[in-house]
Amino acid sequence: MAVRGRDARGGRPRLPRRAAGLVLAVLLTASACSAPADADTSLTVREIDATLERRAAAVLARDPAGYLDALAPDAAKLRAAQRTELANLADVPLKSWSYEVKGITEEDGDWATAEVELRYRIDGYDTAPVAARRTLELMRDGARWYVSADRPAKGASDQLWHQGEVEVVRGAHSLVLGVGRPEEELRQIADTVDLAVPAVSDAWPQPWARRVVVHVPDSVESMAGLLGSPETSYRGIAAVTTGEAGTTGERPALADRVIVNPQAYASLGSFGQRVVLTHETTHVATRTSTSTATPVWLSEGFADWAAYRGEDRTPDLIAPELTGAVRAGDVPAGLPDDKDFGFDGDPAELARAYESAWMACELIAERWGREKLTAFYAAVGAHPGRDGAVEQAMGSVLSTTPEQFTADWRDYLSTRLG
């Protein structure tokens with residue numbers, strides 16, 4: 001997708017994005033057909049756990065010798081790569097670092113392949129861990145297991161420190177971690193997030209951490225690597241937020257990361273950069289109230305509403321694609337579906353989806369009030385599933401129905417944009 005920059009008249013930075021949720025818990029268990037095999041597998045897991053506990057302690061102690069001690073002595077390339085990775089982490093303020101063996105997928109005498117979950121927290125920012133799935137190959141020498149290979153699990157991605165030395169810039173409400181980017185650029189991003197956090201807190205008064213961690217890789221290719229997706233999915237996207245959507249209050253959401261595409265972000269002016277990072281910060285703030293019950297139009301529309309509410313822009317400038325359609329007599333028949341927010345479709349249609357979602361949240365805030373908008377968002381996310389979530393929340397919070405709301409929204413588009 002081509003970068004679509006600021007409107008010539010000073011309007012919406014037409015660079016929509018959507019939250020990109022990461023699947024963090026895939027449990028692989030080894031099959032066994034007899035009690036002795038189960039016992040052997042359990043013993044292997046305990047022994048591998050002991051190796052990984054020593055490795056984790058070495059990371060937190062910044063102890064290269066202890067970290068390398070967990071690696072196979074004759075794995076020279078691995079030892080060199082792991083030494084570099086540990087050095088890349090040197091400035092990252094880690095609160096915790098641990099491993100959990102999820103299962104042994106192969107075991108043959110003194111060789112084993114394990115599916116492992118790495119969990120880490122950044123000190124002062126993460127109230128819950130980031131989880132990353134890894135596949136480890138191990139060899140046993142006597143009573144100890146040693147790591148002989150370490151790679152992302154199938155479908156998982158690398159972490160920022162796998163891409164190079166991490167530079168750390170701290171803001172009042174932000175921590176920006178960059179690889180291969182100028183310090184001045186990282187500082188500017190931190191300053192922009194520091195402006196976004198109080199603006200989002202005003203739009204979303206419910207409790208949240210009010211701290212944001214931002215990753216700035218050196219290119220869109222590296223950004224795609226962190227997200228485990230094709231580069232083409234993000235070429236025109238200035239930033240995305242990763243994290244795990246809430247699960248209707250069963251447990252807290254895991255830590256979020258805002259990941260910046262440095263090329264697309266740099267193409268925006270200060271207005272566009274401010275809107276993009278306020279939008280992403282809104283996703284961080286609302287994460288625990290966002291669940292599988294939340295339609296994309298609501299999560300993206302609310303994030304845009306929070307980002308634009310303090311800006312001096314008229315609706316036709318913020319929503320130029322939708323304005324053009326409405327003035328041509330093509331008023332949308334209904335609110336956009338989740339699939340309308342895919343990055344691989346027509347850019348104009350994608351823009352209209354985001355603009356339509358923003359106008360829906362604008363309508364709620366204008367007619368029912370912003371407190372009702374936030375209450376509606378929370379009520380939808382608290383529903384046990386997608387079916388009936390919007391209908392129930394519209395009835396209980398807004399005293400309307402989806403059919404009536406859609407009709408009101410279509411009238412609102414014609415009035416505001418026509």
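Visitor: Where does Arg 62 lie?

Guide: Arg 62 is in the loop between helix H1 (35–60) and helix H2 (64–68). Helices (H or I, at least four residues) and strands (E, at least two) are DSSP runs, numbered from the N terminus. Keep in mind that this is a predicted model, where local features need pLDDT of at least 70, side-chain atom pairs count only at pLDDT 80 or more, and totals for chains, interfaces and linings use all residues. Residues are numbered from 1 along each chain as its sequence is written, and side-chain values use heavy atoms, with hydrogens and water left out.

Visitor: Why does Arg 62 count as partly exposed?

Guide: Buried means under 20% relative accessible area, exposed means over 50%, and partly exposed is in between (1.4 Å probe, protein chains only). Arg 62 has 35% relative accessibility, so it counts as partly exposed. Its backbone is worth a look too: Arg 62 has a positive phi of about 55° although it is not a glycine. Most residues other than glycine have a negative phi.

Visitor: What makes Arg 210 partly exposed?

Guide: Arg 210 has a relative accessible area of 31%, so it is partly exposed. Arg 210 sits in the loop between helix H4 (183–203) and strand S8 (212–216). Here again phi is positive, at about 60°, although Arg 210 is not a glycine.

Visitor: How do you know that strand S9 is mostly covered?

Guide: Five of the five residues of S9 (residues 239–243) are buried. In a regular strand the side chains alternate between the two faces of the sheet. On one side of S9 you find Ala 239, Thr 241 and Gly 243, on the other Val 240 and Thr 242, and all are buried.

Visitor: Which strand is joined to S9, and by how many bridges?

Guide: Four bridges join S9 to strand S10 (residues 257–260), and the two run antiparallel. Two strands pair if DSSP finds at least two bridges between them. Thr 242 has Arg 257 as its bridge partner in S10, while Ala 239 has Val 260. S8 is joined to S10 as well, by two bridges, and these strands run parallel. There, Val 214 stands opposite Val 258 in S10.

Visitor: Why are H8 and H12 called roughly antiparallel?

Guide: Axes are lines fitted to C-alpha atoms, for helices over the stretch in contact, and angles run from 0 to 180 degrees between N-to-C directions. Under 35 degrees counts as roughly parallel, over 145 as roughly antiparallel, 65 to 115 as roughly perpendicular, and the rest as oblique. Helix H8 (residues 296–308) and helix H12 (residues 370–382) pack at about 150°, with axes 11 Å apart. H8 and H12 are therefore roughly antiparallel.

Visitor: And what makes H10 roughly perpendicular to H11?

Guide: Helix H10 (residues 320–327) and helix H11 (residues 347–367) pack at an angle of about 90°, with their axes 7 Å apart. So H10 is roughly perpendicular to H11. Contact means heavy atoms within 4.5 Å, and the residues making it include Pro 320 and Leu 322 of H10 and Ala 348 and Met 359 of H11.
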